[in-house]
Number of protein chains: 2
Amino acid sequence: MLEFAVQTARAAGAVVLPHFRGELEIQNKLQGVEFDPVTQADKAAEVVIRERISARYPSHGVFGEEFGLVQGDGLTWVVDPIDGTKSFMAGMLHWGVLIALFDGVEPILGVMHQPFTGEIWAGAGDSAWYEHAGRRVALRTRQGVGLGDAVLATTSPRFLRDASERSRFAALERQVRLSRYGGDCYLYASLAMGLVDLGVDGTLSAYDIQPLIPIIRGAGGVVTLWDGGDPSLGGSVLAAGCPALHRQALEILGGP
Amino acid sequence: MLEFAVQTARAAGAVVLPHFRGELEIQNKLQGVEFDPVTQADKAAEVVIRERISARYPSHGVFGEEFGLVQGDGLTWVVDPIDGTKSFMAGMLHWGVLIALFDGVEPILGVMHQPFTGEIWAGAGDSAWYEHAGRRVALRTRQGVGLGDAVLATTSPRFLRDASERSRFAALERQVRLSRYGGDCYLYASLAMGLVDLGVDGTLSAYDIQPLIPIIRGAGGVVTLWDGGDPSLGGSVLAAGCPALHRQALEILGGP
């Protein structure tokens, strides 16, 4: 099923890529509330993903960003056809196609694909791998890094929910070696590659984080909510390259 | 000379790329002040650039991030071997090799190269082009966009100099359609591609911005300091896709 997910991500990427840096008809999902671009590419890609799933696994459910939930027999594919739509719209590179398979408790496999670069990240169980230019290598997070040596990444502190979250994030940011902004799914991919040590984001949806969880865990990392809880249904997420660093960061983000 | 700059950027990229996502020996240039990574890749690439320049244009000067200024006969190559070193270190994609030629007043040509994707952006006079996968196309900024429809990008609001700059930036951010963080040189490349309308960064150095100026201007954009002044020697920079939008943003960032 992991190989099916990889091929499906590639098929969706092939639909998305011609729209990248091309003319896009943009809609606003939540007009007047917040800018949340939906592109034709996003919808067309989710249609392709749903078609492939219903042809191959007709009894499975699907939950996608664009077209919501179709109930299944207990296994549900969780899909974000373009994670990082703002980056996509701006012609930048930190976006990807995300696909997970959720067993009702946790995602049992996850795939990320960047069609412009042709990169794939995939994880299931206790392993994860990266493929680029025909070469597949095992993913390993960086181990043994203390807070003072850590590289922290967040998509944007503006996505944090409230002043309390922002102040706890700022406290964490003051203790790390390096903090950088931007990334969406790509920052968690970098964490799985052992180049980012802490990934922190507020208010992620299930489809934003589920596909990344098996990649992070399969590479040796830890991912939870800020209170240590299960991240599978989304929320404010903390990913770390190793358990000790995760505990240190959790102490700060978890708050009193 | 533009073609020489393109070939030199490619040569530097070939030196840099094997270090990307590999093992790097990191040094701190400003220990205890702020984290500013310098990699072996950075230095090795600047050496290659300097060798090529002194072989081909022995009378020209060179000013590079790593090895400072060598005076010449009035024309100076201005070089940042890896712009976006933090992104580079984090294994992410928004970084590039930057080369400009400065006549003492302004950069008369500029090149940006992303070696992982193989992309090139180049500009001189009133034209600019982009090359990827063997295809070269003219660059054109997006014209006729008002502030309320603009896509704004900044590398990080943390790079702004003081509370006054941050509050003026926040005022601009409130008026645009979409604001995104992260990017370094890549956000200005996206502006030249017509996908970002406003690029704003604090405290850039001459070598960060000079190579991008001919690309932005050649594509139809405008780039100045926040007070409308010449950006060639660095400072807090405002780039816009078209003159009217630049004036609107300048009114807010220029302050009282």
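## Chain A against chain B

A:Arg21 and B:Glu119 join their side chains in a salt bridge, N to O at 2.9 Å. A salt bridge here is a side-chain nitrogen of Lys or Arg within 4 Å of a carboxyl oxygen of Asp or Glu. Between chain A and chain B the count is four salt bridges.

This is a predicted model: local features need pLDDT of at least 70, side-chain atom pairs count only at pLDDT 80 or more, and totals for chains, interfaces and linings use all residues. Residues are numbered from 1 along each chain as its sequence is written, chains are lettered from A and ligands numbered from 1 in the order written, and side-chain values use heavy atoms, without hydrogens and water.

The interface totals follow.

| Item | Value |
|---|---|
| Residues in contact (heavy atoms within 4.5 Å), chain A | 35 residues |
| Residues in contact, chain B | 35 residues |

The area buried between the two chains is about 3,000 Å², and carbon and sulfur atoms give 66% of this area. Buried area is the accessible area (1.4 Å probe) that two parts lose on being put together, summed over both. A:Met92, A:Arg180 and A:Tyr181 supply 21% of what chain A buries against chain B, more than any other three residues.

Now one residue of chain B. Leaving aside neighbours within four places in sequence, B:Gln114 is in contact with B:Leu93, B:Trp95, B:Glu119, B:Trp121 and B:Tyr186. The side chain of B:Gln114 also reaches the backbone nitrogen of B:Phe116, at 2.6 Å.

Notes:
Polar contact = N/O pair within 3.5 Å; in protein donor to acceptor, adjacent residues only side chain to side chain.
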